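Morning, everyone. Please have a look at the structure on the screen, and then I'll walk you through a few places in it.

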Amino acid sequence: MTEQYAVIGHPLGHTLSPLLHNWGFEHRHVDARYAALPVTPGELDGFMERVRGGAFAGLSVTIPHKRAVMAHLDGLTPRAEAVGAVNTVFWRDGLLLGENTDVLGIVESLRNLGPFRRGLVLGAGGAARAAVAALKELGLGGIFVVNRTRDKAEALAREFGATAAPWESRATLGADLLVNTTPLGMSGERVEECPWPGNTPIPSDLTVFDLVYNPLVTILLQRAKAAGCRTISGLEMFLRQGLAQFKLWTGLDLDPDQARTLLLNALQAP
Ligand code: NAP
């Protein structure tokens, strides 16, 4: 019987996850299908009962369910436990478990580029949480969190033993790794907005990782490239978190280069 997988969230905007996973199933001859299913917060309990009944072999979980879904699981991986959020649900030995491959996606994107001394995370929402957990996992000595709303930066920093600093100080903190987790620069009305101050040059020794991947080269990455910085697109995180999900569900690896080409083609398609 064809196994069913899905990404659940609400609202569920355009997502590349079905493309990636359905390509993977076909490529590795797995009899399975992956769908995008809008599930509202009010529908989550009923939906998870269906999952527990065996209707789904695995799930990707996105906003707003990454924390709420934990109450429906039998256990968490240490990484999901540490970050306090789940983006992947999978079965092991009859138990329904939660992992956080967002953290892994950031770790894997950075693993071979370091070591980094001091990280700066812009933003304090869900993606920032994953970024701070990832920088901790990578063993960075210092991690700064700055956010438009200062209180949220302070709460996140406190929880993970990082340091909160004012949003206005972001260009002066002496970081060698910058991770943008704000939506500034995203396609649409924010595409011209840059989270780095307009009047301050970006130091060339800063590695700049923009979690936004549509457009592929955001205004932040354009400025960073022009300044001579090493840059990483958010597509790398998306790719790595997706490959980790596929491995958890099927035990199989997908070729990252082939998968990256698939995603790049989809993003660049007119
Ligand atoms: P979120 O929980 O809503 O957090 C958004 C953060 O951005 C908040 O800290 C918010 O600050 C800040 N922000 C929003 N508008 C801003 C503005 N105009 N100026 C300064 N700061 C602003 O969202 P999220 O789930 O963390 O996602 C954030 C971004 O990460 C998304 O846009 C997405 O592109 C990216 N992302 C990428 C991947 C990937 O696989 N590459 C995965 C997940 C997310 P306040 O607290 O002040 O509101």
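Let's start with one residue. Thr182 touches Leu122, Gly123, Trp167, Pro195 and Val212, leaving aside residues up to four places away in sequence. Remember that this is a predicted model. Where does Thr182 sit? In the loop between strand S10 (177-180) and strand S11 (207-210). Buried or exposed? Its relative accessibility is 11%, so Thr182 counts as buried, since the cut-off for buried is under 20%. Its side chain also makes a polar contact of 2.8 Å with the side chain of Asn180.

Next, helix H8. It runs over residues 234-250, 17 residues in total. From first C-alpha to last it reaches 25 Å, close to the expected 24 Å. Of those 17 residues, 14 are buried, so H8 is mostly covered. Now the ends. Ser233 caps the N-terminal end, with a side-chain oxygen 2.9 Å from the backbone nitrogen of Leu235. After H8 comes Gly251, with a positive phi near 75°.

Now some backbone geometry. Most residues other than glycine have a negative phi, and most peptide bonds are trans. Here are some exceptions. His29 has a positive phi, near 55°. It is in the loop between H1 and strand S2 (32-38), and at 73% relative accessibility it counts as exposed. Asp93 has a positive phi too, near 50°. Asp93 lies between strands S5 (88-92) and S6 (95-99), in the loop. At 79%, it counts as exposed.

Last, the cis peptide bonds. One joins His10 and Pro11, with omega about -5°. Another joins Asn214 and Pro215, with omega about 10°. Pro215 is in the loop between S11 and helix H7 (219-226).

Methods: Residues are numbered from 1 along each chain as its sequence is written. This is a predicted model: local features need pLDDT of at least 70, side-chain atom pairs count only at pLDDT 80 or more; totals for chains, interfaces and linings use all residues. Side-chain values use heavy atoms; hydrogens and water are left out. Helices (H or I, at least four residues) and strands (E, at least two) are DSSP runs, numbered from the N terminus. Buried means under 20% relative accessible area, exposed over 50%, partly exposed in between (1.4 Å probe, protein chains only). A polar contact is a pair of N or O atoms within 3.5 Å; within protein, one must be able to donate a hydrogen and the other to accept it, and residues adjacent in sequence count only if both atoms are side-chain atoms. Contact means heavy atoms within 4.5 Å. The expected span of a helix is 1.5 Å times one less than its number of residues.
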